[in-house]
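Good morning, and thank you for making time for this presentation.

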Amino acid sequence: MKNDTNTPPKLPLRFFRWYCHPDYREDLEGDLLERFEHRLKAKGLGTAKWSLYKEVMQLFRPGIIRSLGADQTLNHYGMLKNYFKMAWRNLLRYKMYSAIKVSSLSIGVAACLLITLYVKHELSYDQHFPDHDRIFRVLFEYNYQGESGFDVASQAPLARTLKEHFPEVEQAGRLNPYAFFGVGGNEIRRTGSPRGMHQKHTAYLDQELLEVFQPRMVEGDLHTALVEPRTMVISKSKADLYFPGENALGKTLVLDNKDKAPYVIGGVMEDFPANSHLDYDFLLTLAEKEFWTDEQTEWVNTNYLTYLKLKPNSNVQAFEDKLSTILQQYCAPVLAQELELEVAAIKDNFKFHLQPIRDVHLKSTHTGEAGGGDIKVVGLFAAIAIFILCLACINFVNLSTAKSANRAKEVGLRKTMGSFRIHLIIQFLSESILLSVVASLIGVLLAWWFLPYFNLLAAKALLFPWDSPWFILSIPLFILGVGFVSGMYPALYLSAFQPIQALKGTSGRGAKNVTLRNGLVVFQFGVSIVLIISTIVIHQQTGFILNSKVGFEKDQVILIQGTHTLGDQVQPFKNELLGLPGVQNASVGDYLPITGNEVKRNGVGFWKEAKKDEGMVIGQLWQIDEDYVETMGMKILKGQDFADRENNNLEKAIINETLAQKLGLDHPIGQRMEKGGGDGGNTLEIVGMVEDFNFQSFKEGIKGVCMIIGNSPYMVSVKANTADMPQLIRSIETTWNKFSPKQSLRYEFLDDRFEMMYGDVQRMKRVFFTFAVFAIIVACLGLFALSAFIAEQRNKEMSIRKVLGASVSNIFRLLTFNFIKLILFSMLVAVPVGGYLMQKWLEDYVYKIDLAWWFFGVAGVMVMAIALITISTQALKVSFANPVDSLKNE
């Protein structure tokens, strides 16, 4: 197998054998292969392949290219040379029109290339894993009491059970990244070091799952790295950070100041690439790990991501169907007892599914996971790239056909001298290909120049693929494709002129044959209007999200992170914070109304006391302290806050409106309910009800929440009331250093974290705005050139009208009215299209804006104003020109 992978790639060699002259083929091919072997040994397979592609393209030149016949070369070198020389002269002759064609195509190429880099990056996620086509993640589908969806979490014994019962499963393992279990964000320091550093990317992992992913190990053995308890595998970048210039294998790290229970480094792996949904730097073993009694054997709780690797040639669909046996044998009895359903009914309401690992990044929006991509957005961006490139090609077609009168006599003369139509077509295609070459080179440089800005827009770290074989090979094909597509219709149109009519000057129909040209102008501005409408709608939806009343106060709330490392000093730390000037309130708790690392979630079933048969409601169970509700600015609608009660708050609960409604509690205060799980007593008395608040994305409805007094010390939230926030931060830092001198203060603002939840929407808005600007620039360049051409063609007509008494306003109206009609028609086409697309986009949101008429009006007025400014320059030039200058030669 090793020899097969080190052989030269077949594609460049086949291309070389096809074009190379037989007299030189054997010697040149031998030289190519000899240099390939030398580079393979010296610099590796990648460099050797890339150099072979490069040399094959360099040899594609006159003298090397084979002959087709006695006097004919493969590429008609002499004739093509003449064609390109004529093409270059024509480009220089019509400088303005050539500049507009090149500018339009350059912008189109740059936009298309940038989005292509983005799309290629998104589609490449998780395909670096060996045997990635056989790796799957298990999803759990549920449909119960009107609640349906998919969950990525599964039961602890599932992975082991799958491997034991199904021969199709080669390997299976679990991943646990949840803050509820103490990972997702930890203070980590080297044993013996006085100060630690916070690391976000931590997770628990099975040894067998490490073997499924097969990261390249820098130190240690892939097959034993996580076998022993309290071992971990770390990334190379973190090994260099904690152990610079040292071998990290066997050394220890302390997590969250637990000096008596350090982790031994069992291996160092290469960092996961940027195009992987796994971004962990610290993988902690699950060997002999049990978070509570019988946690590893029970089928009630779903706390793990389960991955499996199937054996080669396994039938995926057939295996997925067989998963129902696991559901029936192990999950159904537990679920039936918990939900008080018949065991037979479980099969109809719950299912296991397999998700290919390559789909995790782009096709997981239905699972509610944050931070992933969206295949619909990728498709939308790809469509934008194609449309902008089409707009640029349309400029070429419009201007080429409009200027046909200037080329008619040339065509007639060439045909009279014996040229065939195919020769004329090749000549005109040569012009378009030459223009495509110039525009593409400029476009590539523009894309390279704008790439840092695009990375900011898309929140990516894309690199320009100068040394990538796919890029080097695709650029020539792209140039030929753009030249062919944009030049084919003008070539066919111009080459169809009849010689006699062309020489008489009666076939130059560029100004009269306007149907196609007008249709293309409508398409250009229609696309621009759709992009502007989309930008406006996305901007309004983003503003609606960030400025809506969300049921809690997110301004001036400081989130101090990592406070669990203080141990039993968390409460004294909070008490000292309350004494600082500018601190209004403070609360210990990491169940927060935002998403992200270190924020906990805990799904639990609730039902009325002794009435489980009436149905269970799935909701959130949050552990808070007495000051949480006031610190978050939540509104008590009924009953009391914990802080207002003098009695014992244990086994008491505050619920939100949604949970009360789903439980059917019209008067919830004083009512008792039961909950599943083992967090304290299972019977709770409701003492308060808060107004509903958004703690998930606006794409999801508000879920039921029950808050109880408990210990969850990973964060302390501080409600500030000061105009001097920097001074308050310094005071908090001083207090922190007194309690935890070994680690730095980490804090964020709640409103910033809330905005981060919708970073994808804001990025989408910026991208749409940017490419809407590109589209308008391209469309207006074409409109400017067309208006200049029309003004030039009608110059004498307008001069005669002025002599006969036409006013400047009449001349201006005559020259602009047709363009205004086209833009109005493009609005009629674009408004329903843009409205439909944005309505479909808004369907993903539970809480959203309504489409207002002014969204479309603003888009239309903007495009109309920009278009009028564009064409007015030429119209006013003709309107104010002296008619004598135009008519003196008649």
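This is a predicted model: local features need pLDDT of at least 70, side-chain atom pairs count only at pLDDT 80 or more; totals for chains, interfaces and linings use all residues.

Residues are numbered from 1 along each chain as its sequence is written, and side-chain values use heavy atoms, with hydrogens and water left out.

Let me begin with the chain. The protein chain has 27 helices and 25 strands; these are DSSP runs numbered from the N terminus, with helices (H or I) of at least four residues and strands (E) of at least two. The C-alpha trace spans about 105 × 75 × 60 Å along its principal axes. Of the 890 residues, 51% count as buried. Buried means under 20% relative accessible area, exposed over 50%, and partly exposed in between, with a 1.4 Å probe and protein chains only. Among contacts with a separation of 6 or more, 78% join residues 24 or more positions apart, a contact being heavy atoms within 4.5 Å.

I turn now to the surface patches. Patches are made of residues with over 30% relative accessible area and no salt bridge, joining like charges within 9 Å and nonpolar side chains (Val, Leu, Ile, Met, Phe, Trp, Tyr) within 5 Å. A salt bridge here is a side-chain nitrogen of Lys or Arg within 4 Å of a carboxyl oxygen of Asp or Glu.

A patch of negative charge on the surface is formed by Glu26, Asp27, Asp31 and Glu34. Glu26 belongs to helix H3, residues 22-43, and is exposed because its relative accessible area is 69%.

A nonpolar patch of about 590 Å² comprises Phe825, Leu828, Val829, Val833, Tyr836 and Leu837. Leu837 sits in helix H25, residues 808-842, and is partly exposed at 39%.

Finally, the single residues. Apart from neighbours within four places in sequence, Thr770 is in contact with Tyr453 and Leu457.

Asn257 is a residue other than glycine with a positive phi, near 65 degrees. Asn257 lies in the loop between strands S10 (252-255) and S11 (263-269). Glu288 likewise has a positive phi, near 60 degrees, and is exposed at 74% relative accessibility.

Note on methods
Accessible areas come from the Shrake-Rupley method with a 1.4 Å probe; for residues, only the protein chains shown count as cover. Lys and Arg count as positive and Asp and Glu as negative; His and the chain ends are not counted. The place of a charge is taken as NZ of Lys, CZ of Arg, CG of Asp or CD of Glu.
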